[in-house]
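Hello,

Here is the structure I promised to pass on. Please have a look at it first; my notes follow below.

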Amino acid sequence: MGLDADKINANEKMVKKLVLKTLLAKVEEINRTVEELKKSLGYFEKKYGMTTEAFYQDFIQGTLDDNMDFFEWKATKDMLDELKIEKEALLGVLK
């Protein structure tokens with residue numbers, strides 16, 4: 001019976017190691033995507049001469065026109081915000 005317990009412990013360790021590796025890989029993927037999204041936000045900020053926060057408030061209030069860039073800018077900000085939440089959740093699991 002001791003041998004079976006050893007196998008179970010080894011399997012649990014292997015699964016934990018695999019899950020940890022997968023979670024860390026996901027965090028790294030999120031980090032890369034976050035950097036790409038930040039570059040995109042920087043492009044829009046430079047092009048339109050305003051911060052993303054100022055843009056977002058204007059967009060939500062409906063004071064901007066229907067420029068397709070604005071919809072892409074908003075979507076980029078929304079994706080970044082969602083990824084930050086996802087990353088924090090993953091890091092919470094890893095603690």
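**Aromatic rings and overall form**

Phe 71 is partly exposed, at a relative accessible area of 38%. This is a predicted model. Phe 59, by contrast, counts as buried, because its relative accessibility is 16% and the cut-off is under 20%.

Now the ring pairs. There are eight aromatic pairs. In one of them, Phe 44 and Trp 73 have ring centres 5.5 Å apart and planes at 20 degrees, so this pair is stacked. Phe 44 sits in helix 1 (residues 2–48) and Trp 73 in helix 3 (residues 68–94), so the pair ties together parts 29 residues apart in sequence. Both Phe 44 and Trp 73 are buried.

Phe 59 and Phe 71 also pair. Their ring centres lie 5.4 Å apart with planes at 90 degrees, so the pair is edge-to-face. Phe 59 is in helix 2 (residues 52–61) and Phe 71 in helix 3, twelve residues apart. Ring pairs join these residues into a cluster that includes Tyr 43, Tyr 48, Phe 55 and Phe 70.

Next, the whole chain. It has three helices and zero strands. The radius of gyration is 21 Å, well over the 12 Å that the globule rule gives for 95 residues, so the chain is more spread out than a compact globule. The C-alpha trace spans about 70 × 20 × 20 Å along its principal axes. Of the 95 residues, 21% count as buried.

Last, charge. The chain carries 16 positive and 19 negative side chains. The centres of these two sets are 8 Å apart.

Best wishes

Methods:
Residues are numbered from 1 along each chain as its sequence is written. This is a predicted model: local features need pLDDT of at least 70, side-chain atom pairs count only at pLDDT 80 or more; totals for chains, interfaces and linings use all residues. Side-chain values use heavy atoms; hydrogens and water are left out. Helices (H or I, at least four residues) and strands (E, at least two) are DSSP runs, numbered from the N terminus. The radius of gyration is taken over C-alpha atoms; the globule rule is 2.2 Å times the number of residues to the power 0.38. Buried means under 20% relative accessible area, exposed over 50%, partly exposed in between (1.4 Å probe, protein chains only). Lys and Arg count as positive and Asp and Glu as negative; His and the chain ends are not counted. The place of a charge is taken as NZ of Lys, CZ of Arg, CG of Asp or CD of Glu. Rings of Phe, Tyr and Trp (its six-membered ring) pair if their centres lie within 6.5 Å; planes under 30 degrees apart count as stacked, over 60 as edge-to-face and the rest as tilted.
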